[in-house]
Structures are given as structure tokens and as C-alpha cells.
There are 4 protein chains.
Amino acid sequence: MTDLKEKAAALRAFNEAREWGQFHNPRNLAMALSVEAAELLELFLWCEDAGPQPALPERRRKVDDEAADVLICLLNLCERAGVDLEAAFWKKLQKNEAKYPVERARGSMRKHDE
Amino acid sequence: MTDLKEKAAALRAFNEAREWGQFHNPRNLAMALSVEAAELLELFLWCEDAGPQPALPERRRKVDDEAADVLICLLNLCERAGVDLEAAFWKKLQKNEAKYPVERARGSMRKHDE
Amino acid sequence: MTDLKEKAAALRAFNEAREWGQFHNPRNLAMALSVEAAELLELFLWCEDAGPQPALPERRRKVDDEAADVLICLLNLCERAGVDLEAAFWKKLQKNEAKYPVERARGSMRKHDE
Amino acid sequence: MTDLKEKAAALRAFNEAREWGQFHNPRNLAMALSVEAAELLELFLWCEDAGPQPALPERRRKVDDEAADVLICLLNLCERAGVDLEAAFWKKLQKNEAKYPVERARGSMRKHDE
């Protein structure tokens, strides 16, 4: 198991070898992240109604690949936007624990919405 | 530093305490991920033309929060879709190294597109 | 009832009065369109599991507003990207009729996906 | 030139012939709309930095097709969600005229963001 910093370092080396830093401003990477998230969403688009397509082996592999693409774009964005994703994750989880107290949030997503 | 499995375990405890598993099917979580990615994108929407708004302190904090939300949704999705994100990340990075050989990919994003 | 050209003209006047043309390059507008589409998606995010929230009057009004925002962004994008949306719509519908012949497409979304 | 109701009627006939109504609940169509908006966004993803790719003829055709797909998804969604898109468009434009008074909004996108 490796942590986020090790993954970010591997991506940094990948991008530097290809001189992709010139393309990787935070704005471009935020666009790329939305595009990858939508490619993942597309894998679940009609499946509830048209059968459990993600259960098909080739579909399962696509879910793995698209989930990885989302993480890659997110780490690239954090690298260029100066986001400490490790710290941001734990801080946001603490915020959510305060925002959704167990007693009030149990069994309801309403506060997610309104 | 903690790895993805530790973060996934913290989210699992958070969700179980609130009985949110009933809402967290992969399809809903893929939708939530796209919504969070768009909230992050929105922070960069007009900034190139209307000034460096993400440089504003409150905007910077929003980028941290939205990036964390994307990771939270992604980890929740992987948990429910049976994706080993750690393995998927390294496998996809290997695929990308083969897909974008340094000599051909250097300084060009074309193969990202076509 | 007005057609798309009349709506585009009304938006052009709205934007010119505010000197927003400087912000409205196709790329920014494609970003804005994705953000608006996600705001519409968010209205349906947890509703299947957490009750028919879009049936609530205030939720219904939000669906109207977000659907209108998507059309506004799309028309602004077509204006700046030189897309004749009227022609593109009918051309794409013809393409879809050829791509999804009634006999093979009836009752199946598979070709939407694979 | 045809108006939105004529386009909606053509789509209704297209969908009924294929018995796609069973798949076209508002939630699925909101997902499809986000996916199509992201496919349009992808056409502009690296173009500012990697050259004016949308200027390439084949890229221009893709922009036409993806813009049409967004309109098709939006009209399908409005059909199933009971949205009068014609009325919603003009009502939202009036709201925006009140929200962004010319004197205050001229030359600034700030109120789009904050």
C-alpha cells in the first residue's frame, strides 16, 4: 500500500518525462476531472433499467480504469493547485461529522440535498 | 500519512453510523462524483478571464473542500462497486506509460484527445 | 412559441448589454454547460432512494430553472462556436434513426452504451 | 425553423417507435445529459494549449453532434419531468435580467461565481 504522496510523486515523474506540465494548469485539470467523472458515470447510465451491465467482466474492467483516471486527474489537479489532499480529506471528514450528526443524519440524505 | 484503505475504512464507519449504505449504490455514487467534480470545476469557471479568483483565500479553501469531496465520493463508489482503487491506480499508470511513450508523447496532448 | 434563433438573439442582447462577450469563448461556455448540467443532475441525486423530492413544488421550480440554464449555456456556446443548433439537431436525429433502426433498437438501450 | 415543441414531438415519435420510454425516467435522462455535456467539454479540453483543434473540420463536426446530443437529452428530460422548456427559458432570462442589472454586471462575471 502506498499513500497519496507516493502516487502524486509517480504522476509527477510520468508528467515531467512527457513535458506535460505546460498543459497541466489547475483549470485544464479540473476540466479533465469532470470529463473522467462523466466517463465513469456513463458506465452506470442505463444499467438499472437495461440489466446489470457493470457485472459484465469487460464493464467491470472499465469501472476500474475510469475510477483510476479520476484519481489520476484529482492528484494532478491537487499537485498544480497546491492542495494537500491528505489533509483536505481528513479535514472534510471532520466537517461532515459535524454537519451530519449521527442522530439527525441517520437514514436520511436530506441534508445532502437541502 | 494514511493509505487509501485507511481512508476507505474511515468513510465506511462514517456511513455505517448514519445508515447511509441504503443510498450508496454504485450508480448513486457515480452521480454524486460527477456532481462533486462539477462543483470543483465551477471554482475555475471564469477565473482565467475574470482574475485569479482561486488565489483568494476563501476560494482556495473551497478548492480544498471540493477536492476532498471528490476523493470521498470516489472512495465510496469503489467500496460499493468492488474496485480496488490502489491496484487500479498503479495498473492504469502502467497502461498510460505504454499508451504514451515518452518519445512520442513529449510535449503533446494529442493522444489524450484523438 | 419562438424558435432557437429568437432565443439566441435575446441572449445575444442580454450578453452584449453586460459586455460578457469577453468571457464567452466556447471553452468557458462548455465548462459552464457541464456545471449547469451537474446542477440539474444534483436535483435527482438521492431522490429515488430518499423520496420523490422533485415532486416538491420548490424542487420542481429548481428543475425548471436548471433546465433553462442548460439551454441558455448551450445557446451561448453555439453562438460563439459557430454551431447552427437548429440544423445540428435535425441532422443528429437523422443519424440516430440510422444508428438505432427500430427493429434492432426496440426495447434495448445497449447500443447507447456499447 | 421549428420551435422546441416540434423538436420534442419528433423525439417523442423517435422514442416511442423504439419503446425507449421505459428507460427515459427523468433521473436517467439527467445522467445522460451530464454525460453528453462532458463529451462536448472534452472537445475543448486541451485545445487552448495544444492548438485550435476545434478548428479542424472533423472536430467542428463533433461539436455540432455533441451540441445536438445535449439538446436531445434536455428535451427528453423536459418531456419526462414535465418541464415547459419554452416558458422556463423566458422566465429564467427575466430572472437573470433582474439578478444581473446592466449597470452592476457590465464587464464582470463575479456574480456568476459568488
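This is a predicted model: local features need pLDDT of at least 70, side-chain atom pairs count only at pLDDT 80 or more; totals for chains, interfaces and linings use all residues.
Local features require pLDDT of at least 70 and side-chain atom pairs pLDDT 80 or more, while totals for chains, interfaces and linings use all residues. Residues are numbered from 1 along each chain, chains are lettered from A in the order in which they are written, and side-chain values use heavy atoms, without hydrogens and water.

M1(D), R27(D) and F89(D) supply 12% of the area that chain D buries here, more than any other three residues.

Eight salt bridges cross the D–C interface, each a side-chain nitrogen of Lys or Arg within 4 Å of a carboxyl oxygen of Asp or Glu. In one of them, K7(C) pairs with E86(D), with 2.7 Å between the closest N and O atoms.

Turning to chain C and chain B, 19 residues from each chain take part in the contact. The area buried between them is about 1,600 Å², 72% of it from carbon and sulfur atoms. Here the rule finds zero salt bridges. On the chain C side, α2 (26–42) and α3 (47–50) each supply at least two residues, helices being DSSP runs (H or I) of at least four residues, numbered from the N terminus. The most comes from α2(C), with 10 residues.

How values were computed
Contact means heavy atoms within 4.5 Å. Buried area is the accessible area (1.4 Å probe) that two parts lose on being put together, summed over both.
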